[in-house]
Amino acid sequence: MSQRAFKIIIVGGGVAGLTLANMLEKFDIDYVILEAHGEIAPPVGASLGLMPDGLLLLDQIGCYEAVRAKAANYNIETSHIRDSEGKSVSCTKGFMGHIERRHFYPMLFFDRQWLLQVLYGQFQHKKDRVQLHSRVKTVVPQEGAVSVVTTDGRTFTGDIVVGADGIHSAIRHEMHRLMMVADEIRPGFVLEEEERIPCYYRCLFGISVGVQNWPDDEQTFTNGRGVSFLVVSGPAERVYWFCFARLPEKKCGEEIPRYYTKEDEARFMEEHGHRAITESVTFGDIYAKRISSTLTPLHEVVFEKWGFERIVLVGDSAHKPNPISGVGGNAAIETAAEFVNVLLRARDNRRDGLLSGLSTSDVEAISREMQKARIRRVKGLVKTAHAMQALFAYERPFVSSILHTIFLPLLSPEFSLEQLASRFVGGPRLQHLPVPVRPHTIPFKHELPAKPLGGRVVKYARVVFVLLMAFVLLFPPANTTAFPSRPESSKPTCPPGEECLGALAWVATSRMAQTIFAGFIMYGIECFRIGHQGTLLRVYPVLVAVMLLLGLDMDNKAAVPLFAILSAYQSSLRPSGRPIDRHVLKMALSIRISPTFLRLAFLVVHMLPVIACLLWPGSLWKSWLESVPLAIATALLFLLGWRCLLDHSSEPEATDDPKRFDQYKDGDTPQLRAAYWYFFTVQAGAHIAAVAYFYSYASGQRDLWSSIQSVLVESLPPSAWIGMAGHCLYSVWELRRLGFVTTREAAQAALAVILGQALVGSGAIWAATWVWREAAIAKMSTLNRPPLESSSHVGGEIKAHPS
C-alpha cells in the first residue's frame, strides 16, 4: 500500500483549511478539501489581521513573500487609542517599524480574500484535491476509516476528518451527534457544549475605500459606553473597520441573535453612525464609502473537546476570540501547525509511518495531544481579547474611566509594544520544516536556549519573593555588629599597612560609598532603560532622594528591598526594553567626556576618603566625608529622577528620524559593562580590604568567617544586603523562567551569587550579576540573525536551519 492511501479530509476552504493543506503538501500527505461555496476565495467583505506569529508559519511553508507583496507599500505608522469624542488618549509613532525590528514580521491588515488567493495559489494539486459546492451532510464512521457524505450525495473516505469550517461548524455538530450515539461521555455534555457558547457583542464590519480625512498609515481604537471601534488603514486606500456594540445581556447557544437583512444593518447605523472615530471622521463617514459590510453576532468560546474518534477540530470550530484583538486568523494557523506537528510525531514513532494508516485510538491521541499543546494559549488569547473589548466598551465604567483618563496617557509606547510581544513570541512552529533566519530583536519561543517556564510555580515564586522583600522592608533586621577598632595602646606597634587597610575598610563600610554606588550606577541605569518608561522604576531616584532628604536613614534599609519589589513586577527583560534611552545617550555623548577620564574621576573620588583617613584620622573628617558626598548624591539622584519625569522621549518621534530605532542595535552594552565592572572592582576591592583589616587587626581571634560576617552586616544594613542578594537570585530565576538561560547556567549563576556575598561583597556581586544579566538579554537580540542593516522585509536570500 502506498503512502497516498492515507488521506485527510479537510472540511472548509478558509484560512485554517487552506493553511493546513499547504502544510500537508510539504510532507506529501494526501488530502481533499470540501468547500461549501462555489469558489475558494469569495469576496465576502471580511478583513484579516496577520501577526508575526502567524506570518512565521506562513514563511515556513513559502507563503510569506507573496503575502507581503499583497500588502506592498503598506505601513501602519501610528497606533492611536481614542476617547468617545475621537481625541487621542495614547499614541505610538513608528508602530510598524518597531514591530518589524522586534520580530521581523509586521502586523498586516488586508482583505481575507487576498490571503486565501495566496494560499490557494501555492497548491501543487488543485483540480483533484479541491472540491467546491461540497456542503457536508453527515459523517459516517467506518472500520479503520471515516466517510463524509455531502448534500449532493457524494462520499469521500479518508483516515481523519478535520473540521476547519468555522464557528457554525457542521463537523462539530456531527462530532457531537456521534458522541451522543456512542454515549461515552457524561450525560448532557453535548447540549452543554453547544448551549454554553456565549455572545456579548454584535459587530458591523466591512471595507471602505477613499475615506476623506482618513490617514493612510493609522490604526485606531476608539472607546465609548457600550460601543467601541477598530479602524485600520490598508493597501490601495482601503480602510478596514469594525463597530462592536454590546448586547443588552449575555446570550448563549440558540438565544444568540442572527442578522441576515440589510434592514438590520440600517437600524444599527441609525443608532451608531453619528459616533466619532477621530475628531474629523465619524463612523457614518467611513460607512458611506463602504464596498462591503456585514452585521454578525460575536461568539467568544474555547470548546472543551476538539476531537472524537476520527474527527479533529481546528480554527474557529475549536476556539473563537473576539476579533478586536486581531488574533483569530493567527490562532487558526497555529492550531493547524500543531496538528501537523503531532501527526508527524505519530508518523515518526511508527515503523511503517502512515503506510498502514492510523487506528481510531491513534487519531484520538493526536487530537488530545494537539489540544493539550494549544489549550492554554488559546484560552489566554480569548480571555485577553474579551478583556480588551470590555476596556474599550466600558463594561466596567469606573475601571475604564480610570484607565483611559489617568493610566493610558501615562503609559509609554513601549508598554503597548511589550504587550504585543508577549503574545507574538509564544506561538508554535512547524517542527519538521526549517525556520527561515530573519533579522529580529525579540526571540520566538523556539529560538530560546531553554523552554520557558509557566504555570503556578512562576506565580508562587514571585509571591514568595515579594513577601520576603516586603517583610525585610517593613521589619528590617537589627544591625548587632559594631565596627571594631584597634585598641589605642596598640598604635605604636601597628604594622605599616594597618592605617591604609583601616581607611579602605571605613570606605567599604561607609554610608557614602554605598549610596553613591547603588544610587547612581544601579538605580540611575535602571530608570533610563527604554522598557521602564511609564513605570515607577523610571522615577525611582526621586523616591530615593526623598528618603534621603527626610533624614530617615532609609537610603539602603528601604530603598534596596523596595527596588527589588518594583523590579519583580515592572522590570523589562526583553532585549528591546533593555537598552538605555537614546536621548540619554545623546545627552551623555554631547558632554564629550571620555570613558577613561570618567573612570579616573570616579577613582579619585573614591581614593580621596582613603587619603583623608590616612592623613587626618579624626572623626570630624569622616563625618564630613559622609555628609557632603551624601548631600551631593541626594541632589543628583533627585535631578536624575526629575530628568526622567520630563523626558521627552515619550513624545511622538519624527517619522524621518533615522535614529529612532537605535535601541535595537545594542550600542550601549560596552558602556554599561564598563560601568558595572568599575562598580564591581571598587566594591570588591574595598570589601576584601575590609575583611583583611577585620581579620588582621580588629578581629582579635583571627576568625575569617567572623571577619566576613562583620563586614557584610557593617558595610550595609542587613535589609540592604538581603535585598541585593535576593534581587540577584530572583533576576537569575527570571532569566531562566523566560528561557534566556539554561537550568545549568542559572544554577551556576545562583551559586556564584551566594558564594560572592562572602568573597567580594553584596554590592560587587550585584554588579557582576547585572553584567551577566546584560549579556544574557543582549544575546537574545542577535540570536540567529545577520546585522540589521542588511535586512529587508521583501526579497533577498533567506537562509534556513533545521529546528
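Let's start with Arg529, which sits in the loop between helix 16 (511–527) and helix 17 (540–549); helices here are DSSP runs of H or I with at least four residues, and strands are runs of E with at least two, numbered from the N terminus. This is a predicted model, where local features need pLDDT of at least 70, side-chain atom pairs count only at pLDDT 80 or more, and totals for chains, interfaces and linings use all residues. Residues are numbered from 1 along each chain as its sequence is written, and side-chain values use heavy atoms, with hydrogens and water left out.

**Around Arg529**

- Arg529 counts as buried because its relative accessibility is 1%; the cut-offs are under 20% for buried, over 50% for exposed and partly exposed in between, with a 1.4 Å probe and protein chains only.
- Its side chain reaches the backbone oxygen of Arg578 at 2.6 Å.
- There's also a polar contact from the Arg529 side chain to the side chain of Tyr676, at 3.1 Å (N or O atoms within 3.5 Å; within protein, one must be able to donate a hydrogen and the other to accept it, and residues adjacent in sequence count only if both atoms are side-chain atoms).
- Leaving aside neighbours within four places in sequence, Arg529 is in contact with residues including Arg538, Trp770 and Glu774 (heavy atoms within 4.5 Å).

- Three strands make an open, antiparallel sheet in the order 8-9-10, pairing being called when DSSP finds at least two bridges between two strands.
- Strand 8 (136–142) and strand 10 (155–158) each have a single partner strand, so one side of each has no neighbour in the sheet.
- Six bridges link strand 8 to strand 9 (residues 145–150) in the antiparallel sense.
- Gln142 stands opposite Ala145 in strand 9.
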